[in-house]
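Here are some notes for a colleague who is opening this structure for the first time. Please keep the sequence and the model side by side while reading the points.

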Amino acid sequence: MLLLLLGIIVLHVAVLVLLFVSTIVSQWIVGNGHATDLWQNCSTSSSGNVHHCFSSSPNEWLQSVQATMILSIIFSVLSLFLFFCQLFTLTKGGRFYITGIFQILAEGMQYDNTIFGTN
């Protein structure tokens, strides 16, 4: 049982790390002295120095991807926090329904990101 709980904790932490990395460092298009990601568009010179970085365009789909990425991180953090709270407060044999609901919400936000991001 302890091994199962350790596996769940490792899974929660791995999901959080992957979410943070994919939100912060998400270079979608790179090439020809131009890099575009979720948050900004940058132009680079031939020597590799960054010249101009602008905020990403105010497209509705891009704003929805940004919002759902942030919501996904929030729901995942809440899920991990609630997992630890329920771990020490539930009676033996209790179910982690609240943790599961928040984890499903986080995964739903990631699914929405996949749909919006590929359009």
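Which backbone oxygen does the side chain of threonine 23 reach?

1. The side chain of threonine 23 reaches the backbone oxygen of leucine 19, at 2.8 Å; a polar contact here is a pair of N or O atoms within 3.5 Å, where within protein one must be able to donate a hydrogen and the other to accept it, and residues adjacent in sequence count only if both atoms are side-chain atoms.

2. On the source, this is a predicted model, in which local features need pLDDT of at least 70 and side-chain atom pairs count only at pLDDT 80 or more, while totals for chains, interfaces and linings use all residues. Residues are numbered from 1 along each chain as its sequence is written, and side-chain values use heavy atoms, with hydrogens and water left out.

3. The chain has three helices and four strands, arranged along the sequence as α-β-β-β-β-α-α; helices (H or I, at least four residues) and strands (E, at least two) are DSSP runs numbered from the N terminus. Of the 119 residues in the chain, 28% are buried, that is, under 20% relative accessible area with a 1.4 Å probe and protein chains only, where exposed means over 50% and partly exposed lies in between.

4. Threonine 23 sits in helix α1, residues 2-24, and counts as buried because its relative accessibility is 5%. Leaving aside residues up to four places away in sequence, threonine 23 touches Leu38, Trp39, Met69, Ile70 and Ile73, where a contact means heavy atoms within 4.5 Å.

5. Serine 72 belongs to helix α2 and is likewise classed as buried, because its relative accessibility is 0%. With residues up to four places away in sequence again not counted, serine 72 touches Leu19, Ala106, Met109 and Gln110.

6. Strands β2 (residues 34-37) and β3 (residues 40-44) run antiparallel and are joined by three bridges; two strands pair if DSSP finds at least two bridges between them. Histidine 34 has serine 43 in β3 as its bridge partner, and a hairpin connects β2 to β3 through two residues.

7. The lining of the largest pocket divides into seven nonpolar residues, four polar and one charged, and includes Met1, Leu4, Gln86 and Phe96. Helix α1 gives the most to this lining, with three residues, and α1 and α2 (60-89) each supply at least two.

Key:
On a 1 Å grid over the protein atoms alone, a cavity is a set of points where a 1.4 Å probe fits but cannot get out, and a pocket is an open set with protein on both sides within 12 Å along at least five of seven lines; lining residues have an atom within 4 Å of a point. Ala, Val, Leu, Ile, Met, Phe, Trp, Tyr, Cys and Pro count as nonpolar, Asp, Glu, Lys and Arg as charged, and the others, Gly among them, as polar.
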